[in-house]
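Subject: Structure handover and findings

Dear colleague,

Please find below the structure for your review. A summary of the findings follows it.

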Amino acid sequence: MTEGRASRAGPAAAAALLRDPEVLRLWGAGAVIQCARWLDILSFGVLVLDWTASPLAVALVLFVRMLPLLLFGSILGTLADRLDRRRLLIIGLSAICVLLALGTWWSSDGEPHVPLAFGLAVAGGVLWSGELPMRRGLLAEAAGMDRVGTSMGLEQLTSNFTRMIGPATGGALVAGLGFTGVLAAGLVLHGLALLMILGVKPSGQAQAKTTEPIRILGPLKEGWRYVRTTPILIGTVMVTAAMNLWGFPYMSLVPVIALEVMNLGPVGTGLLVSAEGAGAFLGSIAITLAAPPHWFRRIYSLGTLLFLTAVVLFGFTTTPWTAAACTAIAGVGMACFGTMQMVLILQGAESHLRGRALGILVGAMGLAPFGFLQFGLAASWLDGSTAVVLVAGIGLIAVLACCLAWPTLLHNGEVTPVRSPYPAAPPRASR
């Protein structure tokens, strides 16, 4: 397949992708990893709230989960350009399985384990910061850059489906089996992902990468300069930063608002969070099957604005039904944002800089801990609903400012790679 051809969408394109064994394994591994991630995010929040009765503690457990994305995202993205991504994924998944097995054993006494929850949240964040640029980079290459819209649409569709079943399952596990059940489910899911990645064949490109000297600082600087001087890339990164500071972290207060305003228990809270996943799932289906490539930028920008508007409205709700409607609409916006942030980075960056560009995007996602902290502090000073309206309103203004600063985000037309002044290093022969 030729790089730079228009990305195509449609049922036939999606079906053809999933007939490729390599694509199927990488996609399936992502599905179970994301299901485990959403299960943990909801379950850990509900459990920590029950153990501590502190909205700030709920925000802090999400803070420590997201912080590794900021600290390690760019570094691991650079390593993804230099080393064997498959091998790094195997190491990361093996480590998290060992930690989850130990956590399942340790928590079996039924007592509150706040430090354990925080420690496993950090470990999950480290895996997240590496899995995203490595596995999605492998998926995009296996599918072909001419079908990146379809492959990332499938990826986001799966992510949003897991956002429906993960929180609902997490709520049921908390109610029925407690912390131990949550950790055991995570162990099974990550174990399945490990088996799928083990089935992915090592590529010749990966073998060539392993023979090169490992340099971090120089390539990292090159990646930063390239992204900073490319309008579509820096615009995408800045909108992602705004979303993770003032938008996405609203979810940390959903358990608080569900309990304090609507008097919902763990199962009801899980279903409320799943409503966003349902909206995102439907939005992802539409994007995967019908989104024209020349609209990718507008889908990204306008979908982000839709998400933030719906979150602001969610802060005004007082009943489960209206809250679910707002989160479902927010989910549609999240599908647009989540799918196209990857597509724009993958299409706008040259092949030898994609790992670094994705790593910088992950770093922008890593600003979310400070977003969780803002929401948690605002809820402690005010209340959960007011905090959501205030902080998400700031996010809405920030994204509008980004669209004005980088108008390419609203332009019509397909995205093509911008030529880099930093040539790819020639691969050394394997020894």
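A salt bridge here is a side-chain nitrogen of Lys or Arg within 4 Å of a carboxyl oxygen of Asp or Glu. By that criterion, a search of the whole structure finds five salt bridges.

Before the details, two notes on the basis of the values. This is a predicted model, in which local features need pLDDT of at least 70 and side-chain atom pairs count only at pLDDT 80 or more, while totals for chains, interfaces and linings use all residues. Residues are numbered from 1 along each chain as its sequence is written, and side-chain values use heavy atoms, with hydrogens and water left out.

Overall architecture

The protein chain contains 17 helices and zero strands; these are DSSP runs numbered from the N terminus (helices H or I, at least four residues; strands E, at least two). Of its 431 residues, 61% count as buried. Buried means under 20% relative accessible area, exposed means over 50%, and partly exposed lies in between (1.4 Å probe, protein chains only). The accessible surface of the protein chain comes to about 16300 Å², and 70% of this belongs to carbon and sulfur atoms. Accessible areas come from the Shrake-Rupley method with a 1.4 Å probe, and for residues only the protein chains shown count as cover. Among contacts (heavy atoms within 4.5 Å) between residues at least 6 apart in sequence, 88% join residues at least 24 apart.

Salt bridges

Arg-25 and Glu-22 meet through their side chains in a salt bridge, at 3.0 Å from N to O. Both belong to helix H2 (residues 21–52), where they are three residues apart and therefore separated by about one helical turn. Arg-25 is partly exposed, with a relative accessible area of 31%, whereas Glu-22 is buried, at 18%.

Glu-155 forms a salt bridge with Arg-135, and the closest N and O atoms are 2.1 Å apart. Because Glu-155 lies in helix H6 (residues 148–176) and Arg-135 in helix H5 (residues 114–143), this pair ties together parts that are 20 residues apart in sequence. Glu-155 and Arg-135 are buried.

The side chains of Arg-136 and Glu-155 also meet in a salt bridge, at 3.2 Å from N to O. Arg-136 lies in helix H5 and Glu-155 in helix H6, so this pair ties together parts that are 19 residues apart in sequence. Arg-136 is buried, as is Glu-155. Through shared partners, salt bridges join Arg-37, Glu-131, Arg-135, Arg-136 and Glu-155 into one network.

Nonpolar core

A nonpolar core is a set of buried Ala, Val, Leu, Ile, Met, Phe, Trp, Tyr and Cys residues joined through side-chain atoms within 4.5 Å. The largest one has 127 residues, and those with the most contacts inside it are Phe-44, Met-152, Tyr-250, Leu-253, Leu-272, Phe-307 and Phe-314. Helix H14 (residues 320–348) gives the most to this core, with 14 residues. Leaving aside neighbours within four places in sequence, Tyr-250 is in contact with Glu-276, Phe-307, Val-311, Phe-314, Thr-327, Ala-330 and Phe-375.

Nonpolar surface patch

Leu-71, Phe-72, Ile-75, Val-122 and Val-126 make a nonpolar surface patch of about 370 Å². Patches are made of residues with over 30% relative accessible area and no salt bridge, with like charges joined within 9 Å and nonpolar side chains (Val, Leu, Ile, Met, Phe, Trp, Tyr) within 5 Å. Helix H3 (55–82) and H5 each supply at least two residues of the patch, and the largest share, three residues, comes from H3. Val-126 lies in helix H5 and counts as partly exposed at 36% relative accessibility.

Individual helices and residues

Helix H7 (residues 178–198) has 21 residues and should span 30 Å at 1.5 Å a residue; its end C-alpha atoms are 31 Å apart, which agrees. The expected span is 1.5 Å times one less than the number of residues. Buried residues in H7 include Gly-178, Phe-179, Gly-181 and His-190.

Trp-105 is found in helix H4 (residues 85–106) and counts as exposed at 66% relative accessibility. The C-alpha atoms of Trp-105 and Ala-184 are separated by 9.1 Å, although these residues are 79 apart along the chain.

Asn-263 is found in the loop between helix H11 (254–260) and helix H12 (266–290). Its phi is near 60 degrees, a positive value in a residue other than glycine, and Asn-263 is exposed, with a relative accessible area of 65%.

With kind regards
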